[in-house]
Amino acid sequence: MIIEREQDVTAAALAVMAQTSDPRQRQILTSLVRHLHGFIRDVRLTDAEFREAAAVIAELGQRTNDTHNEVILMAGSLGVSSLVCLLNNGDQGNSETDQSLLGPFWRLNSPRMENGGSIVRSDTPGAPLFVSGRVVDREGRPIAGAEVDVWHASPVGLYENQDPEQADMNLRGKFVTDADGRFFFRSVMMVGYPIPTDGVVGRLLKSQGRHPYRPAHLHALVVKPGFKVLISQVYDPADPHLDSDVQFGVTKALIGDFVRHDEPHPTETNVATPWYSLDHVYRMDAGEAVLPRAPIK
(Lines give C-alpha, C1' and ligand atoms only; values in the text may rest on other atoms or scores of the structure.)
Protein backbone atom coordinates (compact mmCIF):
# COMPACT_ATOMS: atom_id res chain seq x y z
CA MET A 1 0.00 0.00 0.00
CA ILE A 2 1.22 3.47 -0.88
CA ILE A 3 0.56 5.66 2.16
CA GLU A 4 -1.59 8.71 1.43
CA ARG A 5 -2.72 9.68 4.96
CA GLU A 6 -1.99 8.68 8.54
CA GLN A 7 -4.88 6.22 8.74
CA ASP A 8 -3.31 4.22 5.91
CA VAL A 9 -0.33 3.34 8.11
CA THR A 10 -2.51 1.41 10.56
CA ALA A 11 -4.42 -0.35 7.79
CA ALA A 12 -1.18 -1.40 6.10
CA ALA A 13 0.38 -2.65 9.33
CA LEU A 14 -2.75 -4.61 10.27
CA ALA A 15 -2.80 -6.23 6.84
CA VAL A 16 0.78 -7.41 7.31
CA MET A 17 0.10 -8.68 10.85
CA ALA A 18 -2.85 -10.69 9.47
CA GLN A 19 -0.37 -12.71 7.37
CA THR A 20 1.23 -14.21 10.51
CA SER A 21 0.86 -17.99 10.26
CA ASP A 22 0.62 -18.84 13.98
CA PRO A 23 -2.94 -18.00 15.16
CA ARG A 24 -1.98 -16.86 18.65
CA GLN A 25 0.93 -14.77 17.41
CA ARG A 26 -1.36 -13.25 14.76
CA GLN A 27 -3.91 -12.34 17.44
CA ILE A 28 -1.27 -10.73 19.67
CA LEU A 29 0.45 -8.74 16.92
CA THR A 30 -2.81 -7.52 15.40
CA SER A 31 -4.06 -6.33 18.77
CA LEU A 32 -0.68 -4.79 19.56
CA VAL A 33 -0.68 -2.71 16.37
CA ARG A 34 -4.30 -1.65 16.87
CA HIS A 35 -3.77 -0.53 20.48
CA LEU A 36 -0.30 0.94 19.94
CA HIS A 37 -1.42 3.04 17.02
CA GLY A 38 -4.49 4.08 19.01
CA PHE A 39 -2.29 5.13 21.93
CA ILE A 40 -0.08 7.24 19.65
CA ARG A 41 -3.13 9.02 18.25
CA ASP A 42 -4.66 9.44 21.70
CA VAL A 43 -1.63 11.27 23.16
CA ARG A 44 -0.57 12.86 19.83
CA LEU A 45 2.97 11.56 20.34
CA THR A 46 5.57 14.03 19.10
CA ASP A 47 8.74 13.24 17.16
CA ALA A 48 10.88 14.15 20.17
CA GLU A 49 8.79 12.01 22.52
CA PHE A 50 9.05 9.05 20.16
CA ARG A 51 12.83 9.33 20.04
CA GLU A 52 12.97 9.58 23.83
CA ALA A 53 10.73 6.52 24.20
CA ALA A 54 12.95 4.53 21.81
CA ALA A 55 16.00 5.52 23.88
CA VAL A 56 14.27 4.40 27.08
CA ILE A 57 13.41 0.99 25.60
CA ALA A 58 17.01 0.57 24.43
CA GLU A 59 18.30 1.51 27.89
CA LEU A 60 16.06 -1.08 29.54
CA GLY A 61 17.84 -3.74 27.53
CA GLN A 62 21.29 -2.25 28.05
CA ARG A 63 20.82 -2.21 31.83
CA THR A 64 19.72 -5.84 31.93
CA ASN A 65 22.55 -8.28 32.66
CA ASP A 66 23.35 -11.50 34.52
CA THR A 67 22.57 -9.99 37.94
CA HIS A 68 19.97 -7.31 37.18
CA ASN A 69 16.80 -7.23 35.03
CA GLU A 70 15.60 -3.69 34.40
CA VAL A 71 12.86 -4.89 32.03
CA ILE A 72 11.17 -7.01 34.70
CA LEU A 73 11.65 -4.19 37.20
CA MET A 74 9.84 -1.78 34.87
CA ALA A 75 7.05 -4.29 34.18
CA GLY A 76 6.41 -4.58 37.90
CA SER A 77 6.55 -0.82 38.44
CA LEU A 78 3.86 -0.32 35.78
CA GLY A 79 1.62 -3.01 37.28
CA VAL A 80 2.04 -5.24 34.22
CA SER A 81 3.55 -8.23 36.04
CA SER A 82 0.79 -8.31 38.64
CA LEU A 83 -1.95 -7.89 36.02
CA VAL A 84 -0.62 -10.76 33.89
CA CYS A 85 -0.36 -12.97 36.98
CA LEU A 86 -3.92 -12.32 38.12
CA LEU A 87 -5.42 -12.66 34.64
CA ASN A 88 -3.87 -16.12 34.33
CA ASN A 89 -4.74 -17.42 37.81
CA GLY A 90 -7.57 -17.41 40.32
CA ASP A 91 -10.36 -17.86 37.79
CA GLN A 92 -8.93 -15.07 35.63
CA GLY A 93 -8.52 -12.72 38.55
CA ASN A 94 -11.98 -13.24 40.05
CA SER A 95 -10.94 -15.36 43.04
CA GLU A 96 -8.00 -15.60 45.41
CA THR A 97 -4.79 -17.21 44.25
CA ASP A 98 -1.44 -18.03 45.83
CA GLN A 99 0.28 -17.12 42.56
CA SER A 100 2.34 -13.95 42.59
CA LEU A 101 5.20 -12.16 40.87
CA LEU A 102 8.39 -14.04 40.01
CA GLY A 103 10.35 -10.83 40.43
CA PRO A 104 13.80 -10.03 39.05
CA PHE A 105 15.92 -12.02 41.53
CA TRP A 106 15.03 -15.71 41.13
CA ARG A 107 18.03 -17.88 40.23
CA LEU A 108 18.23 -21.43 38.94
CA ASN A 109 20.20 -24.11 40.75
CA SER A 110 19.89 -22.95 44.34
CA PRO A 111 21.25 -25.56 46.80
CA ARG A 112 19.16 -28.61 47.65
CA MET A 113 18.67 -29.01 51.39
CA GLU A 114 17.13 -31.30 53.97
CA ASN A 115 14.05 -30.12 55.83
CA GLY A 116 14.99 -28.28 58.99
CA GLY A 117 18.21 -26.87 57.54
CA SER A 118 19.29 -23.25 57.54
CA ILE A 119 19.53 -21.21 54.33
CA VAL A 120 21.89 -18.74 56.03
CA ARG A 121 25.29 -19.26 54.39
CA SER A 122 27.25 -16.24 55.60
CA ASP A 123 27.26 -13.88 58.55
CA THR A 124 23.76 -12.40 58.28
CA PRO A 125 22.71 -10.54 61.43
CA GLY A 126 18.98 -10.57 62.04
CA ALA A 127 16.25 -12.05 64.18
CA PRO A 128 15.92 -15.84 63.71
CA LEU A 129 13.03 -16.97 61.52
CA PHE A 130 11.54 -20.48 61.49
CA VAL A 131 9.40 -21.24 58.44
CA SER A 132 6.97 -24.13 58.17
CA GLY A 133 5.09 -24.50 54.90
CA ARG A 134 2.51 -26.96 53.65
CA VAL A 135 1.79 -27.59 49.98
CA VAL A 136 -1.72 -28.79 49.11
CA ASP A 137 -3.99 -29.10 46.08
CA ARG A 138 -7.22 -27.18 45.59
CA GLU A 139 -9.11 -29.73 47.71
CA GLY A 140 -6.63 -29.31 50.56
CA ARG A 141 -4.94 -32.68 50.06
CA PRO A 142 -1.19 -32.71 50.81
CA ILE A 143 1.21 -32.83 47.88
CA ALA A 144 4.23 -34.97 48.73
CA GLY A 145 7.48 -34.78 46.81
CA ALA A 146 7.03 -31.18 45.64
CA GLU A 147 10.25 -29.21 45.18
CA VAL A 148 10.07 -25.86 46.96
CA ASP A 149 12.64 -23.23 45.98
CA VAL A 150 12.76 -20.36 48.50
CA TRP A 151 14.67 -17.07 48.53
CA HIS A 152 14.49 -13.67 50.18
CA ALA A 153 16.39 -10.46 50.77
CA SER A 154 18.72 -10.06 53.71
CA PRO A 155 17.98 -7.88 56.76
CA VAL A 156 19.90 -5.07 55.03
CA GLY A 157 17.44 -5.21 52.12
CA LEU A 158 19.68 -6.83 49.50
CA TYR A 159 19.60 -10.17 47.70
CA GLU A 160 22.93 -11.95 47.76
CA ASN A 161 23.59 -11.32 44.06
CA GLN A 162 23.43 -7.57 44.84
CA ASP A 163 25.68 -7.71 47.88
CA PRO A 164 29.38 -8.68 47.79
CA GLU A 165 29.30 -9.11 51.59
CA GLN A 166 27.02 -12.14 51.28
CA ALA A 167 28.07 -15.65 50.25
CA ASP A 168 26.82 -16.99 46.94
CA MET A 169 23.30 -18.41 47.30
CA ASN A 170 22.89 -16.93 50.78
CA LEU A 171 19.22 -17.04 51.84
CA ARG A 172 18.31 -19.45 49.03
CA GLY A 173 17.50 -23.16 49.13
CA LYS A 174 15.42 -26.01 47.69
CA PHE A 175 13.40 -28.36 49.87
CA VAL A 176 11.15 -31.35 49.17
CA THR A 177 7.79 -31.77 50.86
CA ASP A 178 7.22 -34.82 53.04
CA ALA A 179 4.21 -37.17 53.07
CA ASP A 180 2.10 -34.46 54.73
CA GLY A 181 3.11 -31.89 52.12
CA ARG A 182 5.31 -30.07 54.63
CA PHE A 183 8.69 -28.40 54.30
CA PHE A 184 10.49 -26.38 56.95
CA PHE A 185 13.69 -24.43 57.36
CA ARG A 186 15.47 -21.76 59.36
CA SER A 187 16.52 -18.30 58.19
CA VAL A 188 16.59 -14.71 59.45
CA MET A 189 13.72 -12.25 59.41
CA MET A 190 13.68 -10.27 56.18
CA VAL A 191 12.87 -6.57 55.82
CA GLY A 192 11.31 -4.44 53.15
CA TYR A 193 13.73 -2.92 50.68
CA PRO A 194 13.98 -0.36 47.88
CA ILE A 195 14.17 -1.67 44.34
CA PRO A 196 17.19 -0.44 42.33
CA THR A 197 16.66 3.19 41.34
CA ASP A 198 19.84 4.00 39.42
CA GLY A 199 18.25 3.40 36.02
CA VAL A 200 15.11 3.94 33.97
CA VAL A 201 12.78 2.73 36.72
CA GLY A 202 14.32 5.08 39.26
CA ARG A 203 13.73 8.06 36.96
CA LEU A 204 10.11 7.00 36.50
CA LEU A 205 9.48 6.76 40.24
CA LYS A 206 11.12 10.14 40.87
CA SER A 207 8.99 11.81 38.21
CA GLN A 208 5.85 10.43 39.89
CA GLY A 209 6.88 11.16 43.48
CA ARG A 210 6.68 7.45 44.32
CA HIS A 211 8.73 5.63 46.94
CA PRO A 212 10.77 2.62 45.73
CA TYR A 213 9.95 0.17 48.53
CA ARG A 214 8.70 -3.39 48.48
CA PRO A 215 7.26 -4.76 51.73
CA ALA A 216 9.14 -7.61 53.42
CA HIS A 217 8.35 -10.96 51.80
CA LEU A 218 9.42 -14.56 51.33
CA HIS A 219 9.57 -15.98 47.79
CA ALA A 220 8.70 -19.57 46.91
CA LEU A 221 8.61 -21.45 43.61
CA VAL A 222 6.97 -24.87 43.91
CA VAL A 223 7.31 -27.61 41.28
CA LYS A 224 5.50 -30.95 41.09
CA PRO A 225 4.62 -32.91 37.92
CA GLY A 226 0.90 -32.72 37.24
CA PHE A 227 0.58 -29.23 38.74
CA LYS A 228 1.06 -25.73 37.40
CA VAL A 229 4.29 -24.28 38.80
CA LEU A 230 3.37 -22.14 41.81
CA ILE A 231 5.25 -18.84 42.06
CA SER A 232 4.38 -17.15 45.32
CA GLN A 233 5.34 -14.45 47.79
CA VAL A 234 4.26 -14.18 51.43
CA TYR A 235 4.21 -10.67 52.90
CA ASP A 236 4.77 -9.43 56.43
CA PRO A 237 1.57 -7.64 57.56
CA ALA A 238 3.59 -5.38 59.88
CA ASP A 239 5.56 -3.80 57.03
CA PRO A 240 4.79 -0.07 56.64
CA HIS A 241 4.70 -0.35 52.85
CA LEU A 242 2.24 -3.24 52.68
CA ASP A 243 -0.47 -1.11 51.05
CA SER A 244 1.85 0.83 48.73
CA ASP A 245 4.10 -1.83 47.19
CA VAL A 246 6.03 -0.23 44.33
CA GLN A 247 5.50 -3.45 42.30
CA PHE A 248 1.73 -3.77 43.01
CA GLY A 249 2.26 -7.35 44.20
CA VAL A 250 0.38 -7.58 47.51
CA THR A 251 -2.97 -9.39 47.53
CA LYS A 252 -4.99 -10.48 50.56
CA ALA A 253 -4.19 -14.14 49.92
CA LEU A 254 -0.45 -13.42 50.16
CA ILE A 255 -0.39 -11.71 53.55
CA GLY A 256 1.26 -14.15 55.94
CA ASP A 257 1.28 -14.58 59.68
CA PHE A 258 4.79 -13.70 60.80
CA VAL A 259 4.60 -14.19 64.58
CA ARG A 260 7.07 -12.50 66.94
CA HIS A 261 8.15 -14.54 69.98
CA ASP A 262 9.78 -12.88 72.98
CA GLU A 263 10.07 -16.07 75.01
CA PRO A 264 12.86 -18.65 74.51
CA HIS A 265 12.49 -21.08 71.61
CA PRO A 266 10.96 -24.35 72.87
CA THR A 267 13.59 -26.62 71.27
CA GLU A 268 16.50 -24.48 70.00
CA THR A 269 18.32 -23.28 73.12
CA ASN A 270 20.84 -21.20 71.16
CA VAL A 271 18.17 -18.99 69.56
CA ALA A 272 18.16 -15.39 70.76
CA THR A 273 14.97 -13.46 71.39
CA PRO A 274 13.02 -12.11 69.76
CA TRP A 275 12.57 -14.77 67.11
CA TYR A 276 9.87 -15.17 64.48
CA SER A 277 7.85 -17.98 62.97
CA LEU A 278 5.81 -18.34 59.81
CA ASP A 279 3.37 -21.16 59.11
CA HIS A 280 1.85 -20.89 55.64
CA VAL A 281 -0.21 -23.06 53.27
CA TYR A 282 0.58 -23.02 49.54
CA ARG A 283 -2.19 -24.18 47.18
CA MET A 284 -1.38 -25.58 43.74
CA ASP A 285 -3.61 -25.95 40.69
CA ALA A 286 -3.56 -28.95 38.38
CA GLY A 287 -1.70 -28.30 35.16
CA GLU A 288 1.59 -28.61 33.34
CA ALA A 289 4.80 -28.09 35.32
CA VAL A 290 6.77 -25.59 33.19
CA LEU A 291 9.60 -23.64 34.81
CA PRO A 292 9.82 -19.93 34.00
CA ARG A 293 12.91 -18.44 32.42
CA ALA A 294 15.23 -17.18 35.14
CA PRO A 295 15.54 -13.37 35.00
CA ILE A 296 19.17 -13.49 36.22
CA LYS A 297 21.93 -16.09 36.42
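In the predicted model, a polar atom of the Asn 89 side chain lies 2.8 Å from the backbone oxygen of Cys 85, where a polar contact is a pair of N or O atoms within 3.5 Å, one able to donate a hydrogen and the other to accept it within protein, and residues adjacent in sequence count only if both atoms are side-chain atoms. Asn 89 is placed in the loop between α5 (80–87) and α6 (90–93); helices (H or I, at least four residues) and strands (E, at least two) are DSSP runs numbered from the N terminus. With a relative accessible area of 7%, Asn 89 is buried (buried, under 20% relative accessible area; exposed, over 50%; partly exposed, in between; 1.4 Å probe, protein chains only). Apart from neighbours within four places in sequence, Asn 89 is in contact with Thr 97, Gln 99 and Lys 228, contact meaning heavy atoms within 4.5 Å.

As the model is predicted, local features require pLDDT of at least 70 and side-chain atom pairs count only at pLDDT 80 or more, whereas totals for chains, interfaces and linings use all residues. Residues are numbered from 1 along each chain as its sequence is written, and side-chain values use heavy atoms, with hydrogens and water left out.

Helix α7 (residues 200–208) has as its buried residues Val 200, Val 201, Gly 202, Leu 204 and Leu 205. These buried residues pack against α3 (47–62) and α4 (70–77).

Rings of Phe, Tyr and Trp (its six-membered ring) pair if their centres lie within 6.5 Å; planes under 30 degrees apart count as stacked, over 60 as edge-to-face and the rest as tilted. Six aromatic pairs are counted by this rule. Phe 130 and Trp 275 form an edge-to-face pair, because their ring centres are 5.7 Å apart and their planes stand at 85 degrees. Since Phe 130 belongs to strand β1 (residues 128–137) and Trp 275 to strand β10 (residues 275–284), the pair ties together parts that are 145 residues apart in sequence. Phe 130 counts as buried at 16% relative accessibility, and Trp 275 counts as buried at 5%. Phe 175 and Phe 185 form a stacked aromatic pair, at 5.1 Å centre to centre and with 15 degrees between the planes. Phe 175 lies in strand β3 (residues 172–176) and Phe 185 in strand β4 (residues 182–188), ten residues apart.

Two loop residues were considered next. Ser 154 occupies the loop between β2 and β3 and is buried, with a relative accessible area of 2%. Not counting residues up to four places away in sequence, Ser 154 touches Thr 124, Gln 166, Leu 171 and Val 191. Gly 145 is found in the loop between β1 and β2 (147–151) and counts as partly exposed at 39% relative accessibility. With residues up to four places away in sequence not counted, Gly 145 touches Val 176, Thr 177, Asp 178 and Lys 224. The C-alpha atoms of Gly 145 and Arg 293 are separated by 22 Å, the two residues being 148 residues apart along the chain.
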